[in-house]
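Let's take a friendly walk through this structure together. Have the model open in your viewer as you read.

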Amino acid sequence: MAAKLKCAKCGHQIDSPKHCNRPMHIGKVAGQDKLVCWMGADCGSAEIPKHCGVAMQEAA
Ligand SMILES: [Zn+2]
Ligand SMILES: [Zn+2]
């Protein structure tokens with residue numbers, strides 16, 4: 001289960017923000033990539049953090 005976000009440019013990793021006590025994951029909200037709660041985007045969503053000027057990705 002992905003619990004980290006990684007910069008595609010420099011490899012810097014951060015812990016995924018949590019919502020409802022679980023790490024958020026990247027999903028589509030209204031056609032845009034966002035961080036969403038495991039309970040669903042209706043529960044919570046957030047902008048994906050940026051690093052080196054680009055949106056971070058889920059670390060494999
Ligand atoms: Zn939630
Ligand atoms: Zn970076």
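Along the chain, the donors of the zinc ion (ligand 2) follow the spacing C-x2-C-x40-H-C; donors here are N, O and S atoms within 2.8 Å of the metal (3.2 Å for Na, K and Ca), and since water is not among the atoms, sites may look incomplete. This is a predicted model, in which local features need pLDDT of at least 70, side-chain atom pairs count only at pLDDT 80 or more, and totals for chains, interfaces and linings use all residues. Residues are numbered from 1 along each chain as written, chains are lettered from A and ligands numbered from 1 in written order, and side-chain values use heavy atoms, without hydrogens and water.

The protein donors of ligand 2 are C7 (SG), C10 (SG), H51 (ND1) and C52 (SG), at 2.0 to 2.4 Å. Angles of 101 to 114° among the 4 donor atoms make the site tetrahedral (for four donors, all angles between 85 and 135 degrees). The ideal for four tetrahedral donors is 109.5 degrees. C7 is buried at 1% relative accessible area, whereas C10 is partly exposed at 45% (buried is under 20%, exposed over 50%, partly exposed in between, with a 1.4 Å probe and protein chains only).

Now to the other zinc ion. Ligand 1 is held by H19 (ND1), C20 (SG), C37 (SG) and C43 (SG) as protein donors, 2.0 to 2.3 Å away. This site is tetrahedral too, with angles of 97 to 118°. C37 is buried, at 1% relative accessible area, while C20 is partly exposed at 40%.

Technical notes
Tetrahedral: all angles 85-135°; square planar, octahedral: opposite > 155°, others 65-115°.
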